[in-house]
Amino acid sequence: MSMLTSSLRNLFRRPFTTSYPKGRADLPEGNRGRVMWDMSKCIFCRRCERTCPTSAISTDKEAKTQTVIRNRCIACNACVEVCPTQTISMMPDYSQPDMAPTVHAFSVDLPRHQYRVEHLPRGEGRPPS
């Protein structure tokens with residue numbers, strides 16, 4: 001099939017893509033989604049931070065916060081498995097897309113599974129080489 005034939009055929013077909021983020025994304029069975037914290041349970045042991053293979057998690061004991069650099073997190077579930085208090089869970093959901101790398105900051109001051117979204121400067125948030 002030539003490129004012109006393929007282009008003309010696709011011109012009159014329905015799009016294959018979804019309307020995400022305007023519409024809900026179809027999550028496949030077994031999708032882990034993204035990590036979420038219930039900060040009321042956190043003892044700030046930093047096991048999740050030490051276990052994370054991409055260094056996406058950071059802990060601030062004094063401020064009582066956990067932060068996740070979303071474009072580093074690979075949803076491997078390692079932090080969930082190592083957490084002694086079941087503070088961390090996987091939610092079958094995606095983060096809203098953003099043009100800049102974002103950090104989700106979970107704090108004791110916020111309600112359960114709520115976070116602040118912060119933006120990183122350009123060039124930050126990439127996995128270590």
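How many aromatic pairs does a search of the whole structure find? The search turns up 2. Keep in mind that what we're looking at is a predicted model.

Okay, let's take those pairs one by one. Trp37 and Phe106 sit 5.1 Å apart, centre to centre, with 40° between the planes, and that makes a tilted pair. Trp37 is in strand β1 and Phe106 is in strand β5, residues 102-107, so this pair ties together parts that are 69 residues apart in sequence. Both of those residues are buried, and Phe106 comes out at 0% relative accessibility.

Then there's Phe106 with Tyr115: ring centres 5.4 Å apart, planes at 55°, so tilted again. Tyr115 is partly exposed, at 26% relative accessible area.

Now look at Val35: beyond its neighbours within four places in sequence, its contacts include Val68, Cys79, Ile88, Met90 and Phe106.

Last stop, Thr51, over in helix α2, residues 47-51. This one is partly exposed, at 31%. Its side chain has a polar atom 2.7 Å from the backbone oxygen of Arg47. Leaving aside neighbours within four places in sequence, Thr51 contacts Ala78 and Val82. Val82 is 31 residues away along the chain, yet the two C-alpha atoms are separated by 7.5 Å.

Terms used. Residues numbered from 1 in each chain as written. Predicted model: local features only at pLDDT ≥ 70, side-chain atom pairs only at ≥ 80, totals over all residues. Heavy atoms only, no water. Contact = heavy atoms within 4.5 Å. Helix = DSSP H or I, 4+ residues; strand = E, 2+ residues; numbered from the N terminus. Buried < 20%, exposed > 50% of the residue type's maximum accessible area, 1.4 Å probe, protein only. Polar contact = N/O pair within 3.5 Å; in protein donor to acceptor, adjacent residues only side chain to side chain. Phe/Tyr/Trp six-rings, centres within 6.5 Å; stacked < 30°, edge-to-face > 60°.
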